[in-house]
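Hi,

Here is the structure I promised to pass on. Have a look at it first, then read my notes below.

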Amino acid sequence: MTATMPDRRAGPFERLAGWLKQRRDRLVADPAFQRFSASFPLTRGTAHRHASDLFDLCAGFVYSQVLFACVRLDLFAMLTRGPLPLSDIAARARLSPEAADRLVRAAIALGLLEWRGDTVGLGLKGAALTGNPGALAMVEHHAMLYADLADPIALLRGEAPPSHLRRFWAYGDGGSAEAADSAADYTALMARSQALVADDILDAYPVDKHRVVLDVGGGNGTFLAALHRRAPAAELHLFDLPAVTAHAAHNPALPESVMIHGGRFPDDPLPAGMDLVTLVRVVHDHEDAVVCPLLKRVHEALVPGGSIVIAEPMAESAAVAPMADAYFGFYLLAMGQGRARSPDTLMAMLVEAGFQAPRRVATRRPLFAGLVTATRHS
Ligand SMILES: C[S@@+](CC[C@H](N)C(=O)[O-])C[C@H]1O[C@@H](n2cnc3c(N)ncnc32)[C@H](O)[C@@H]1O
């Protein structure tokens, strides 16, 4: 089930489309055509949009660093109560007036801040971020990812030194000296960013019909706590690595009755007798060699008629492709394992593991989590 390049002969229509695309590519690369299309009234709009998209691709790293600087200097929190003069922002951020002016202008250009007369306030994007501590935590976390991506070729060739993300995820390998710290940091980050996904998943897949629920890779139990609010009578189980379950045991948002199981999938069996097993942002972190036996473990843990829910960003829809294929593709490369899969691939894996009636369920923001479910034969 690993990703391979298709090895088949193209039909006549595909050959024609391929030939046309070759012609198109040559035309688009021609500087004379570029000049013409940028001034001809019927093509001008499209040409400018493409040029601007291309510039955004070149400048993306700079934009990310502007955002990172705003978050690290607490600019959004600073402006939550109202706009401030530039001089106040400079003093509070401990920047020279010139540096504050440069940062603020960059953030305004990116829609993060805006001028309010001669003061500076939150822009639409900045305002949205202030209500989203998970997204702010992810922005800070990305400092590691950017450092790891400094030489993407070495990373692709497997020649890069051990990555920051790999060390952050050190507890996944078990036993290292860094393991306890990395488990605490990683689990806290996941808990904060869980706010981005829990309600979307629970609105898409009603859980109130389920009575015994297991969340595999459940971290500190933030998702289970949200599920408990929707299905207060359900018996709850959480399974994660022992370094992580320690954090779930102290999560005040979880009911005391929650049963916590420390173990490592796919080697360790999951607790049995479940009528729902959820895997939230778990499967994409692992290779098929882990996921296939894990799904079999989930199948064993379910009672007949029980359901599995896989929720995570999924590959292959055009709207989500930049997130799944570009962002997660490289994030997981830096982390050292895993890949975003399409709903079709996940459903095929579920069938292979013995599940029936696999189906996709639409979620509010597939960018953060798509959803696939299936049942054990009743
Ligand atoms: C990306 S986090 C997601 C956590 C949580 N489900 C959420 O969405 O916030 C992946 C979780 O899977 C757990 N995990 C990874 N590999 C595991 C393994 N082999 N056995 C058990 N848990 C594992 C990690 O400890 C972590 O809590």
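Predicted model: local features only at pLDDT ≥ 70, side-chain atom pairs only at ≥ 80, totals over all residues.

**What I found**

Arg-94 sits in the loop between helix 5 (86-93) and helix 6 (97-109), and its phi is near 55°, a positive value in a residue other than glycine.

Now look at Arg-281, which also isn't a glycine and has a positive phi of about 55°. You'll find Arg-281 in the loop between strand 7 and helix 15 (288-301). Is Arg-281 buried or exposed? Arg-281 counts as buried, because it has 21 C-beta neighbours inside 10 Å.

Arg-281 turns up again at the ligand: 16 residues surround the ligand, and Arg-281 is one of the closest, along with Met-190, Gly-217, Gly-219 and Val-280. Sorted by class, that shell has seven nonpolar, five polar and four charged residues.

One more loop to check is the one between strand 6 (259-262) and strand 7 (274-280), where Pro-266 lies. The peptide bond joining Phe-265 and Pro-266 is cis, with omega at about 0°.

Then there are the helices. Helix 2 (residues 31-39) packs against helix 3 (residues 41-72) at an angle of about 115°, and their axes are 5 Å apart; the two are therefore roughly perpendicular to each other. On the helix 2 side, Ser-37, Ala-38 and Ser-39 meet Thr-43, Arg-44, Ala-47 and His-48 of helix 3.

Finally, an unreviewed UniProt entry places "domain: O-methyltransferase dimerisation" at residues 56-114. That stretch is 71% helix and 7% strand.

Cheers

Key
Residues numbered from 1 in each chain as written. Near = placed C-beta within 6 Å. Nonpolar A, V, L, I, M, F, W, Y, C, P; charged D, E, K, R; others polar. UniProt positions renumbered as here; feature names shortened; annotations may be inferred. Helix = DSSP H or I, 4+ residues; strand = E, 2+ residues; numbered from the N terminus. Axes fitted to C-alpha atoms, helices over the stretch in contact; angles between N-to-C directions. Parallel < 35°, antiparallel > 145°, perpendicular 65-115°, else oblique. Contact = placed C-beta atoms within 7 Å. Buried ≥ 20, exposed ≤ 12 C-beta atoms within 10 Å, placed from the backbone.
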